[in-house]
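Me: I have a two-chain model open and want to walk through it. Can you take my questions as they come?

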Amino acid sequence: MTSLLEVRDLTMRFGGLVAVDALGFRVEHGTIHGLIGPNGAGKTTTFNMISGFYTPTSGQVLLRGEDVSGLKMHEVARRGVVRTFQHSTLFAELTVMENALVGTHMPFRPNVFAAIIGWDREDRRGAEARARESLEFFGLDHLATERAGDLSHGHQRALGMAVAYASHPDVILLDEPFTGMNPEETRQMMDLMRRLKADGMTILLVEHDMQAIMGLCDAITCMSFGKFLAEGNPAEIRNHPAVIEAYLGGARHVA
Amino acid sequence: MHKLLLWPIFGAALIALPHGLSFSQQEILVFLTINVLVVSSYRLLTLTGEWSLGHVVIMGVGAYASALYTKELGIWVPVSMILGGITAALLAVLLSFPLFRMKGFYFLIGSFAAGEIIRLLWKRFRDPFGGPKGIKGIDPMPDFSIGIYDFDFFEPVSYYYFAGVVVAACLWILWRIERSPVGLTFHAVHWQDKLAEASGVNLRAYRTLAFAIASGFAGIGGALLGHYVGTINPNSFDIDLMVFVLTWAIVGGTGTFYGPILGCVVLTILNEIVLREMGFEQMRPLIYGAVLILSILFLPNGLESLVQKGMRALRGKSRSKEATP
């Protein structure tokens, strides 16, 4: 059986530096899959290759068996893989609602001619409903008219996910979604992700917050210095000698 | 309610306007009307965050194309004007292949270079572009009558009405585009192109779309100009005019739809009425430069920010009146 998303021998070289070296793992449909590793392990680079931000030096990214490596980011997105970014990457000058509306670009593709004549009224209504639904899901609907740049950090992170969610993705790639969140916000965000999973969405997640990772993931891939290190469920990873060594014993006390 | 009343009053004022002006001022009014379209189309391009220095040359492409279509192929003038705009848009699509490999400052320089190449081609090829002397004796808009008014296109007033209707229609389309999901996508491409791309936006396609639409309407503006003055040459679309367009856009502000129009109208009035009356004609570039620098220093958001402030003050006043009956 083919997995929803499979990474095969993925390699990325920046000049002489091998950032990711022959990495391979599979993400099964409807799971939350974590990608962990010490700083500089190549997690974000892997993300950038899967989402089409980088073209891999060699290797493949297979989505439902189709090779999507080397496609542009919007082409990967149109096949159902949508990503968020580290930090709060948003349309800071636009309102919260407009941010979510940009997220509906794929299901409700705008058309200039229809827009001029006014034949896209139903699409606009549909896009707005979808955007509102997405904002409600992340508890942002009461902030719809605020400027995105004025939101608090936690709300900005949630909005980043709402933009991705608005586009009805099959796989959502989250790049460090818990960074800079307090324990209460982290807990709420974990709940939201479980609800996304219950909706049938597949989540691939890069994160340093071990508590969140261990509490959330069905499967975890650990990498170190660009190489595959270990894979398994949270209990297996927690006790894996190679993982503990990679984190210099740090895994024991954060777990 | 009174907002709906404002538009007919505004329209009536625009219709009555030329009758209070001298002949030369009426001519200026025609140019102003065309320039409003050019600067508004320029704003559509700036929505995606790209600033071009070739916009005026693209406007010239529309003028040349429309003039040649009527001269060589005998196409009816109104149709050839539209065809001129379409030609300019198609050329923009072609130019987008080399130009949109660049962004920001590099695009600015690249667009200037592309514009100069087009201008040199006009100068170099006497057939069909007429070389440095350009094209003369362009067919004027044929006269016609709509019953209540006879259009005589040797009269600037008639041409002003005609251009006014065309420009108003073009502005309406530009406005519809800006307020649509397409316009929102242009903003998205401007503010965070990576996030837009991750949401499935084809950046190249949207940049090209904005460039083509802006160029198309600039081309229509150029065609309006060509069939009015009757003669065009490569120097009618040189960098001097481009600097004026830039100045109108920057002084007016590009944050709102009306900002560049405001800049264009205010600076034209300043230029033509105040400076010419006072005999400062020779110092025009100097004063334009000073206005540009002063507005960047003291009005970084353009004249539109003054309007917004004024509106807010008015609204605040009416609200406090309602509060104290």
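Reply: One definition before we start: helices (H or I, at least four residues) and strands (E, at least two) are DSSP runs, numbered from the N terminus. With that, A:A230 sits in strand β10 (residues 227-232) of chain A. Bear in mind that this is a predicted model.

Me: Is A:A230 buried, exposed or partly exposed, and why?

Reply: A:A230 is partly exposed, because 19 other C-beta atoms lie within 10 Å. The cut-off for buried is 20 or more.

Me: What does A:A230 touch, leaving out residues up to four places away in sequence?

Reply: A:C222, A:I237, A:H240, A:A242 and A:V243. Take A:H240: its C-alpha atom is separated from that of A:A230 by 7.6 Å, and the two residues are 10 apart along the chain.

Me: Which strand pairs with β10(A) over five bridges?

Reply: Strand β9 (residues 219-224) of chain A, in the antiparallel sense. Within that pair, A:M223 is opposite A:F228 of β10(A).

Me: And what is the strand order in the six-strand sheet?

Reply: β6-β7-β8-β3-β9-β10 in chain A. The sheet is open and its pairing is mixed. β6 and β10 of chain A are at the edges. Each has a single partner strand, so one side of each lacks a neighbour in the sheet. From one strand to the next, the twist averages 20 degrees.

Me: Switching to the four-strand sheet. What order, and what pairing?

Reply: The order is β2-β1-β4-β5 in chain A, and the pairing is antiparallel. That sheet is open too. Its edge strands are β2 (17-27) and β5 (66-67) of chain A, each pairing on one side only.

Me: How many bridges does β1(A) make with β2(A)?

Reply: Seven bridges, antiparallel. A:F14 has A:L17 in β2(A) as its bridge partner. The hairpin of these strands leaves two residues between them. A:G15 takes a positive phi there, near 60 degrees.

Me: How many bridges on the β4 side of β1(A)?

Reply: Five bridges join strand β1 (residues 5-14) to strand β4 (residues 58-63), both of chain A. They run antiparallel. A:E6 is opposite A:L62 in β4(A).

Me: What holds paired strands together in general?

Reply: Strands of a sheet pair through backbone hydrogen bonds, either parallel or antiparallel.

Me: Which helix lies across β1, β2 and β4 of chain A?

Reply: Helix α1 (residues 43-50) of chain A. It runs at about 115 degrees to β1(A).

Me: Is α3(A) enclosed or open?

Reply: Largely enclosed by the rest of the structure, because six of its eight residues are buried. Those are A:V96, A:N99, A:A100, A:L101, A:V102 and A:G103.

Me: What do the buried residues of α3(A) pack against?

Reply: Elements from both chains. Chain A supplies α5 and α6 (153-165), and chain B supplies α8 (181-191) and α9 (193-198).

Me: Over to chain B. How do α7(B) and α10(B) pack?

Reply: Helix α7 (residues 156-178) and helix α10 (residues 203-229) of chain B pack at about 180 degrees, with their axes 11 Å apart. They are therefore roughly antiparallel to each other.

Me: Which residues meet there?

Reply: From α7(B), B:Y159, B:A163, B:V166, B:C170, B:L174 and B:I177. From α10(B), B:I213, B:F217, B:I220, B:L224 and B:Y228. The contact has 11 nonpolar residues, no polar and no charged.

Me: Where are the domain bounds in chain B?

Reply: Domain 1 is 23-237 and domain 2 is 239-325. Their C-alpha centres are 23 Å apart. The contact between them takes 16 residues from domain 1 and 13 residues from domain 2.

Me: Which helix gives the most to the domain 1 side?

Reply: α2(B), with 10 residues. At least two residues each come from α2 (23-47), α3 (55-73) and α7 of chain B. The domain 1 side divides into 10 nonpolar, four polar and two charged residues.

Definitions and conventions: Residues numbered from 1 in each chain as written. Chains lettered and ligands numbered in written order. Predicted model: local features only at pLDDT ≥ 70, side-chain atom pairs only at ≥ 80, totals over all residues. Pairing = 2+ DSSP bridges. Contact = placed C-beta atoms within 7 Å. Axes fitted to C-alpha atoms, helices over the stretch in contact; angles between N-to-C directions. Buried ≥ 20, exposed ≤ 12 C-beta atoms within 10 Å, placed from the backbone. Parallel < 35°, antiparallel > 145°, perpendicular 65-115°, else oblique. Nonpolar A, V, L, I, M, F, W, Y, C, P; charged D, E, K, R; others polar. Domains from an automatic or database assignment.
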